[in-house]
Amino acid sequence: MSTRIAFLKGHGTENDFVIVPDPENVIDLPPAAAAVLCDRRAGIGGDGLLHVVRSAAHPEARDMAAEAEWFMDYRNGDGSVAEMCGNGVRVFARYLQRAGYVTEGDLAVATRGGVKTVHIAESMSDSGSATGDITVGMGRALLPEDDVVVSVDGRSWPARNVNMGNPHAVAFVADLAHAGDLYSPPPYEPATAYPDGVNVEFVVDRGPGHVAMRVHERGSGETRSCGTGACAVAVATARRDGADPTVTGTPATYTVDVPGGTLVITERPDGEIEMTGPAVIVAEGEFDAGWLEGVLT
């Protein structure tokens, strides 16, 4: 007899995810299984997978259980484990709200990048669906001083090295088309700057406090949005603009357009970064565990 496993599909500014609720961590999801589920032709399809587990039930999160009941066990689209996903945290919180585990207001979510604070705004659609924006406390950025250069199709640009719990290289360009197709990871130098690979953002100015970006996400290719990438872009832009809040004492807020929508990023004088944007659950259903096992054997 086959076993049916529940899943949902959601997105944050069109960065989309397969959601697998598993509070007690009893579902075996090795990297290959996550990759199959995220496959857009042979699986459900998504940029990544959100495995929803109680922190106390997961060996990587038990030491965070006192601070955060829920752990976002996040996987990239190729099945590889990632430290953090900003859009994913918002969608994760929206699922918890939909499932009745949390309500509007504040909650904490454990991630491999640490415990993140989340605020769910109170707003409902006419159909009763939750629609309020979700704000995530993304922590502080680290700014390694490495000189980094990224390249595409014979062009090269200096890039700002920003770590948001996961690594980013932010390059300012004249035209977003210069990023190429972003199917493959853009080459960077030196290789030692990112021993485990990197997310690469290409950025153009749209106006005061307003930029647009495209991104190659490590393990996923080009995605419609990247929350940690938008934060890295805002931090790099503030430094370029001479608006470092830790120096000026004034918060810096940037509107960041991504192909899938818009995010608003604020860096406070204490270095803490907040990201605000939408999160939507679009579908739910079940898949057959036997099908998944068959694909993997």
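Student: Which residues of α1 are buried?
Tutor: This is a predicted model. In its helix α1, the buried residues are Ala33, Ala34, Val36, Leu37 and Cys38.

Student: What do those buried residues pack against?
Tutor: They pack against the strands β2, β3, β4 and β18, and against helix α5. Strand β18 covers residues 280–288.

Student: Let's stay with α5. Where are the two helices in the chain, and at what angle do their axes cross?
Tutor: Helix α1 is residues 31–38, and helix α5 is residues 289–296. Their axes come within 10 Å and cross at roughly 110°.

Student: Why give both an angle and a distance?
Tutor: Two packed helices are described by the angle between their axes and the distance between the axes.

Student: OK. What do we call that arrangement of α1 and α5?
Tutor: Angles of 65 to 115 degrees count as roughly perpendicular. The axes cross at roughly 110°, so α1 and α5 are roughly perpendicular to each other.

Student: Is the crossing left-handed or right-handed?
Tutor: The crossing of α1 and α5 is right-handed.

Student: Which residues make the contact?
Tutor: From α1, Ala32, Ala33, Val36 and Leu37. From α5, Trp291, Leu292, Val295 and Leu296.

Student: How many of them are nonpolar, polar or charged?
Tutor: Eight are nonpolar. The contact has no polar and no charged residues.

Student: New topic. Where is His58?
Tutor: His58 sits in the loop between β3 and β4. Strand β3 is 48–54, and β4 is 70–76.

Student: Is His58 buried or exposed?
Tutor: Buried means under 20% relative accessible area. His58 has 7%, so His58 is buried.

Student: What does His58 touch, leaving aside its neighbours in sequence?
Tutor: Beyond the residues within four places in sequence, His58 is in contact with Asn25, Val53, Phe71, Asp73 and Arg112. A polar atom of the His58 side chain also lies 3.1 Å from the backbone nitrogen of Glu60.

Student: And Asn166, where is that?
Tutor: In the loop between β9 and β10. Asn166 is buried, with a relative accessible area of 5%.

Student: What is in contact with Asn166?
Tutor: Leaving aside neighbours within four places in sequence, the contacts are Glu83, Met84, Asn199, Arg218 and Thr228. The Asn166 side chain reaches the backbone oxygen of Met84 at 3.4 Å.

Student: How many residues apart are Asn166 and Ala82 along the chain?
Tutor: They are 84 residues apart along the chain. Their C-alpha atoms are separated by 7.6 Å.

Student: Why mention that?
Tutor: Because most residues other than glycine have a negative phi.

Student: Which loop holds Thr13?
Tutor: The loop between β1 (4–12) and β2 (15–21). Thr13 is buried there, at 2% relative accessible area.

Student: What about the phi of Asp153?
Tutor: Phi of Asp153 is also positive, near 50°. Asp153 lies in the loop between β8 (148–152) and β9 (155–163).

Student: Is Asp153 buried or exposed?
Tutor: Exposed, at 71% relative accessibility.

Student: Last one. Is the peptide bond from Glu189 to Pro190 cis or trans?
Tutor: That bond is cis, with omega near -5°. Most peptide bonds are trans. Pro190 is found in the loop between β11 (188–189) and β12 (199–207).

Note on methods: Residues numbered from 1 in each chain as written. Predicted model: local features only at pLDDT ≥ 70, side-chain atom pairs only at ≥ 80, totals over all residues. Heavy atoms only, no water. Helix = DSSP H or I, 4+ residues; strand = E, 2+ residues; numbered from the N terminus. Buried < 20%, exposed > 50% of the residue type's maximum accessible area, 1.4 Å probe, protein only. Polar contact = N/O pair within 3.5 Å; in protein donor to acceptor, adjacent residues only side chain to side chain. Contact = heavy atoms within 4.5 Å. Axes fitted to C-alpha atoms, helices over the stretch in contact; angles between N-to-C directions. Parallel < 35°, antiparallel > 145°, perpendicular 65-115°, else oblique. Left-handed = near helix turned anticlockwise from the far one by under 90°. Nonpolar A, V, L, I, M, F, W, Y, C, P; charged D, E, K, R; others polar.
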